[in-house]
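Trainee: I would like to learn how to read ring contacts and helix packing. Can we work through an example?

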Amino acid sequence: MRPPMSPTDSMFLLGESRDHPMHVGGLILLRPREGTTAADLGALFTGAAEDGEVAPLWRKRAVRSLGSFGQWAWEEDANFDLSYHVRRNALPQPGGLDELWDLVSRLHSTLLDRSRPLWQIHVIEGLADGRLAVYTKIHHALADGVGAMKLLRRALSPDSERTGMPAPWAPFDTPSRPHSPGSALDLPEAAMQAVRTATAEVTGFVPALAGTVNRALRGGGGSLSLAAPNTVINVPISGTRRFAARSWPLARLRTVARAADATVNDVVLAMSSGALRAFLIEQEALPDRSLVAMVPVCLRPDKDCAGNELGVLMADLGTDIADPADRLSRVSASTTEGKSSMQGMSSLSRLAASALGVAPLAVGILTRNRALPRPPFNVIVSNVPGSPDPLYWNGARVDAVYPLSVPVDGQALNITCTSTDDAIAFGLTSCSRSLPQLQPLLDHFDAALEALENAFDLAPVDRQEAVRAG
């Protein structure tokens, strides 16, 4: 009997329809090393596809039957065809980024075939600047956004001279873990210890959740929001997608963060706040109350997020405030209060509080938002830190990694960031019917960062020094 899929994974299959695709994506731009071309890089991908070596994860397809009691489960695809999943594309002239965004937007709009493993990789040639683009989409049931980015980055290396590297879908050598002869006998005791720990922590659930609700009622920071206003981006969506992206030197955000005694993630939120405020003012649709963002955050002081050290916070974006420095202060105060409230909880209490905050999103996915009279939050803003060093694939430098995400009913826009080397990339994914033009919104992000720099008297020379320092 096939083991059933986890409830979280199956939710994304149950909630998917033609108007609600549930896959995430990533777009990598590769600059060929000297003496090679994008066609040479494309040929490496083609050769890897012809080899036919595929890791087990990429062979899994979703099924449900009487054998799984009607629940979704995973099984290996006996008729797996790698040529279906790895495809080559070419951009029309003039081969600029606008043409690339258009193509990726169309690719991101189509559903993945459920009779096959739920992923595709598109190798895109024809960029006028000589780079190669690689777009990957993978179903949220198979991997979340962070997991998908890790899968892509696993195929990359900080070694610019390394060749013979495998494709993203190929098996990877992983060091074997040392095996202790007594480890099997230790499992029952380890399981009992986990049960004892969980039982002890259950007593902390009720006060932790009560505190979360109380903070939401008074508009404080935490994992739950009851104050998000309705906006023009909180509407039912269609299945078509629009994608656009832009990168900024990470050092510019760090310089603002230092000047404001804030975090880089706070600056990301403040840029999002400034951009959304400007956009809504243009639409004559800025609410009197501030917009609220759902933000995955790291709760460890050393920022090394592992295990259960991730939480979900609702951040007050301060869109009702005109001054950019004051908006950043509001954002920072909201995230600081939220993180402080969760750091005092046990891991299980933190998980329960985060689940309480995202429960409306899960209900919205499964009911197409028919059960929600108002949005639990206005936008998801996620920042996934990447490698601080340059990355390469068979000698080709990674110029940028752009994330694509999943708009859902009531959330027509998703903002996801990721950093690579010395740059941070903002990827905007929207329902094209609700938000058909994303380039003007990216211009607002640019203006929001410049406004923050001006607010803290960071002169152009300071910005250039920050870029060099980064």
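Mentor: Start with a charge over a ring: Arg87 lies over the face of Tyr84, at 4.6 Å from the ring centre. The term applies if NZ of Lys or CZ of Arg is within 6 Å of the ring centre and within 35 degrees of the ring normal. Arg116 also has its charged end over the Tyr84 ring, 3.9 Å from the centre.

Trainee: What should I know about the model and its numbering?

Mentor: This is a predicted model, where local features need pLDDT of at least 70, side-chain atom pairs count only at pLDDT 80 or more, and totals for chains, interfaces and linings use all residues. Residues are numbered from 1 along each chain as its sequence is written, and side-chain values use heavy atoms, with hydrogens and water left out.

Trainee: How many aromatic pairs does a search of the whole structure find?

Mentor: Seven. Rings of Phe, Tyr and Trp (its six-membered ring) pair if their centres lie within 6.5 Å; planes under 30 degrees apart are stacked, over 60 edge-to-face, and the rest tilted. Phe45 and Trp169 form a tilted pair, 6.3 Å centre to centre with 45° between the planes. Phe45 is in helix α2 (residues 38–51) and Trp169 in the loop between α5 (145–154) and α6 (183–202), so the pair ties together parts 124 residues apart in sequence. Helices here are DSSP runs (H or I, at least four residues), numbered from the N terminus. Phe45, Trp169 and Trp393 form one aromatic cluster.

Trainee: Are Phe45 and Trp169 buried or exposed?

Mentor: Both Phe45 and Trp169 are buried. Buried means under 20% relative accessible area, exposed over 50%, and partly exposed in between (1.4 Å probe, protein chains only).

Trainee: How do I read two packed helices?

Mentor: Use the angle between their axes and the distance between the axes. Axes are lines fitted to C-alpha atoms, for helices over the stretch in contact, and angles run from 0 to 180 degrees between N-to-C directions. The axes of α8 and α9 come within 8 Å and cross at roughly 100°. That makes α8 roughly perpendicular to α9. Angles under 35 degrees are roughly parallel, over 145 roughly antiparallel, 65 to 115 roughly perpendicular, and the rest oblique. In α8, Leu250, Leu253, Arg254, Val256 and Ala257 make the contact (heavy atoms within 4.5 Å). Their partners in α9 are Val264, Val267, Val268 and Met271.

Trainee: What comes just after α8?

Mentor: Asp261, with a positive phi of about 55°.

Conventions:
Helix = DSSP H or I, 4+ residues; strand = E, 2+ residues; numbered from the N terminus.
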